[in-house]
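Biologist: I'd like to learn how to read a model like this one. Could you walk me through it?

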Amino acid sequence: MEREIITTADGSTTIQIKDWQEQYHSKHGAIQEAYHVFIHSGLDLYKNQTIDILEIGFGTGLNALITLIEFQKRNLKVNYTGVEAYPVSNDELAQLNYLEQLNAQALENNFRVMHASPWEEVVALTPDFNLKKEQKLFKDIDVINAFDLVYFDAFGARVQPELWTVEIFQIMFNAVKSGGYLVTYAAKGSVRRAMLEVGFLVERLPGPPGKREMLRAKKP
């Protein structure tokens, strides 16, 4: 499928799949969405501890980069696992402007290592931030009680409904520790019902720019 780099409303870039008219991040602002959904509604729940994060849809690495920028402000140590079935190409990565938009040029080498590091291996991006990328389909995740926080950033249900099913959310429920959270930009009723069916406690929160609501789920 044909792909192109586009600029979103906050000036940050993302990848658009033209055949689907679907973007890796919100066209209303890639960076704004990442902060709103995954940092302010997810990472901000944790302070002064070690946490294990699972990202569903590692993609461009934007969520991992922003977490790398933010984790020390909360006195965290982070073990970050990013799952991606179809890695972004080096040519596409070279066209993304996240470091400039985030004023994070000091992390240029970290961002490069993030994408250049081998799959299936743990890499220390800093002494307190470990990254492991796993190249697999989401349905093949088989860990139990392993993560404090899940960033669920799959493509939307309009184009990939199979990623928003009871089956997938059962895998997510199994992967999350008791008391842990899953956050996502999605707010569809069918997604909320799937989360509830597998045992999550689900709340609706104000959405990022361009969306009225988003969902946050907690494992009891």
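Modeller: In the protein chain, 67% of the contacts with a separation of 6 or more are between residues 24 or more positions apart. Keep in mind that this is a predicted model, where local features need pLDDT of at least 70, side-chain atom pairs count only at pLDDT 80 or more, and totals for chains, interfaces and linings use all residues. Residues are numbered from 1 along each chain as its sequence is written, and side-chain values use heavy atoms, leaving out hydrogens and water.

Biologist: How many helices and strands are in the protein chain?

Modeller: Helices (H or I, at least four residues) and strands (E, at least two) are DSSP runs, numbered from the N terminus. Here the protein chain has seven helices and eleven strands. Its radius of gyration (over C-alpha atoms) is 16 Å, close to the 17 Å that the globule rule (2.2 Å times the number of residues to the power 0.38) gives for 220 residues, so the chain is as compact as a globular protein of that length.

Biologist: And what share of the residues counts as buried?

Modeller: Buried means under 20% relative accessible area, with a 1.4 Å probe and protein chains only. By that cut-off, 56% of the 220 residues are buried.

Biologist: Which residues are buried in α1?

Modeller: Helix α1, residues 30-40, is mostly covered, with eight of its eleven residues buried. They are A30, I31, E33, A34, Y35, V37, F38 and I39.

Biologist: What covers the buried residues of α1?

Modeller: The cover includes the helices α2 (62-70) and α4 (98-101), plus strands such as β2 (13-17) and β9 (176-184).

Definitions and conventions:
Buried means under 20% relative accessible area, exposed over 50%, partly exposed in between (1.4 Å probe, protein chains only). Contact means heavy atoms within 4.5 Å.
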